[in-house]
Amino acid sequence: MIRPQGRRWNERLQVIMKKETKQTAAKASKPMKGSDKEPALLSGGNPQIAKADGDAPVQAYIAAMPGWKSEVGRRLDALIVQTVPDVRKAVRWNTPFYGIEGQGWFLAFHCFTKYIKVTFLNGASLHPMPPGESKVPNTRYFHIHEDDPLDEELMANWIGQASELPGEKMF
């Protein structure tokens, strides 16, 4: 076996080994794709969460909501679960959806720059009707701004009514 010898060879070998050690350490310190990385925030601060069913992706969305919106998201989620204990959850199009198994989806919410938009998919049938109009005839919106107190009694009333209506079979 031929062995390169000399000071120059040893110096070169040390430089190569240091470089490889730094690269390996840098790779190890980065989270792997799809691991504990913070979700990206899209336009208006809306969290980018992968399409998935269940509570976990909804909770990931809520945790990633920026600033005051995260607390409102937690409160909305708790109110929905309290009002409709058998609620089904999913994230689609970077939006949490709530529905009843076999009945479809009745509610969703989404972050915008200055407010959270709560979507009642058959909101035109609710009494009183949520104030925000939609291009979709039966859909109604309710916007929650940072300084708005959340009327939990009214919201629970709408959630309860919406959950009893036939939902949307969107996916």
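Residues are numbered from 1 along each chain as its sequence is written, and side-chain values use heavy atoms, with hydrogens and water left out. Because the model is predicted, local features need pLDDT of at least 70 and side-chain atom pairs count only at pLDDT 80 or more, whereas totals for chains, interfaces and linings use all residues.

Six strands form an open sheet in the order 1-2-3-4-5-6, with antiparallel pairing; strands (E, at least two residues) and helices (H or I, at least four) are DSSP runs numbered from the N terminus, and two strands are taken to pair if DSSP finds at least two bridges between them. Strand 1 (52–53) and strand 6 stand at the edges with a single partner strand each, so one side of each is left without a neighbour in the sheet. Strand 1 pairs with strand 2 (residues 88–92) in the antiparallel sense over two bridges, and Val91 of strand 2 is the bridge partner of Ala52.

Helix 3 lies across strand 2, strand 3, strand 4, strand 5 and strand 6, and runs at about 25° to strand 5, the angle being taken between N-to-C directions, on a scale from 0 to 180 degrees, of axes fitted to C-alpha atoms, for helices over the stretch in contact. Within helix 3 is Ser70, which counts as buried because its relative accessibility is 7%, the limits being under 20% relative accessible area for buried, over 50% for exposed and partly exposed in between (1.4 Å probe, protein chains only). The side chain of Ser70 makes a polar contact with that of Arg74 at 2.9 Å; such a contact is a pair of N or O atoms within 3.5 Å, where within protein one must be able to donate a hydrogen and the other to accept it, and residues adjacent in sequence count only if both atoms are side-chain atoms. Apart from neighbours within four places in sequence, Ser70 is in contact (heavy atoms within 4.5 Å) with Ile62, Ala63 and Met65.

In helix 4, the buried residues are Met155, Trp158, Ile159, Gly160, Gln161, Ala162 and Ser163, and the buried residues of this helix pack against helix 3, strand 3, strand 4, strand 5 and strand 6 (140–145).
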